[in-house]
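Here is a short report for someone meeting this structure for the first time. Look at the model first, then read on.

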Amino acid sequence: MAARRSHRQSRPAATDKTIRRRSHGNPKFTPEDHAALIRRYFDACNAADYDALVDCFTPDAVHYFPAGLPEIPWRTADTIAKKWQWCVETLGSQWTIDKLIVSHNTPEAMIEWTHWKNKSGTALRGAEWYDFDPETGKIAEIRAYYAAPADKEVKINELVAFDYAVRGYPLKSA
């Protein structure tokens, strides 16, 4: 019988930066602080407010996306802010936070969101994993996952057969 490899053995070694970000000792920031920052970030996205966006991130922050978008990942707070401004101006983008969960013992959070592209009348649903810098409390990394592939033939890209209305999700842009 072949020996099974444990999950721990298959994981790549953590970098110093990763270890620093996931520090568990005496956090300076609470889960409520992290939740408030995510809400501020979405408000800044919706307002296309460059300064407010940059203020949400560490200078070297990275925003990862699934394949299909140009120029990804977005690296630096400046780049992230400018890209979201472009989306609001060009696509009429607005976002809602549909669900939010924050870790009670690590500087991490997970959300579900909807990206409303108002100029085309379409939307995309997805989720994001957030890593916060434990020293500043700012967002150091976001990993975005789409609920469905971006299909230009459908009006709202979302999970097939998932009843968003019954579960209380927004069905239109604010």
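With which side chain does the side chain of Thr96 make a polar contact? The partner is the side chain of Trp116, at 3.4 Å. Keep in mind that this is a predicted model.

**Around Thr96**

Thr96 belongs to strand E3, which covers residues 93-102. Is Thr96 buried or exposed? Its relative accessibility is 17%, and buried means under 20%, so Thr96 counts as buried. Leaving aside residues up to four places away in sequence, Thr96 touches Phe42, Glu112, Trp113, Thr114, Trp116 and Pro170.

**The nonpolar core**

Phe42 leads on to the core. The largest nonpolar core has 29 residues. Those with the most contacts inside it are Tyr41, Phe42, Phe57, Trp84, Tyr130 and Ile139. Which elements give two or more residues to this core? They are helix H3 (31-47), strand E1 (57-64), helix H5 (77-91), strand E4 (108-117), strand E5 (122-132) and strand E6 (139-146).

Trp84 deserves a look of its own. Not counting residues up to four places away in sequence, Trp84 touches Tyr41, Cys45, Leu53, His63, Phe65, Trp74 and Trp95.

**Aromatic rings**

How many aromatic pairs does the structure hold? There are 10. Two of them are set out here.

| Pair | Centre to centre | Angle between planes | Arrangement |
|---|---|---|---|
| Tyr41 and Phe42 | 5.5 Å | 85 degrees | edge-to-face |
| Trp74 and Trp84 | 4.6 Å | 70 degrees | edge-to-face |

Why is the pair of Trp74 and Trp84 edge-to-face? Planes over 60 degrees apart count as edge-to-face, and these planes lie at 70 degrees, so the pair is edge-to-face. Trp74 lies in strand E2 (residues 74-75) and Trp84 in helix H5, so the pair ties together parts that are 10 residues apart in sequence. Both Trp74 and Trp84 are buried.

Tyr41 and Phe42 are both buried as well. Together with Phe57, Tyr130 and Phe132, Tyr41 and Phe42 form one aromatic cluster.

**Charges over rings**

Tyrosine rings also meet charged side chains. Which ring lies under the charged end of Arg125? The ring is that of Tyr164, and the charged end sits 3.8 Å from its centre. Lys99 places its charged end over the ring of Tyr169, 5.3 Å from the ring centre.

Conventions: Residues numbered from 1 in each chain as written. Predicted model: local features only at pLDDT ≥ 70, side-chain atom pairs only at ≥ 80, totals over all residues. Heavy atoms only, no water. Core = buried A, V, L, I, M, F, W, Y, C linked by side-chain atoms within 4.5 Å. Buried < 20%, exposed > 50% of the residue type's maximum accessible area, 1.4 Å probe, protein only. Helix = DSSP H or I, 4+ residues; strand = E, 2+ residues; numbered from the N terminus. Contact = heavy atoms within 4.5 Å. Phe/Tyr/Trp six-rings, centres within 6.5 Å; stacked < 30°, edge-to-face > 60°. Lys NZ or Arg CZ within 6 Å of the ring centre and 35° of its normal. Polar contact = N/O pair within 3.5 Å; in protein donor to acceptor, adjacent residues only side chain to side chain.
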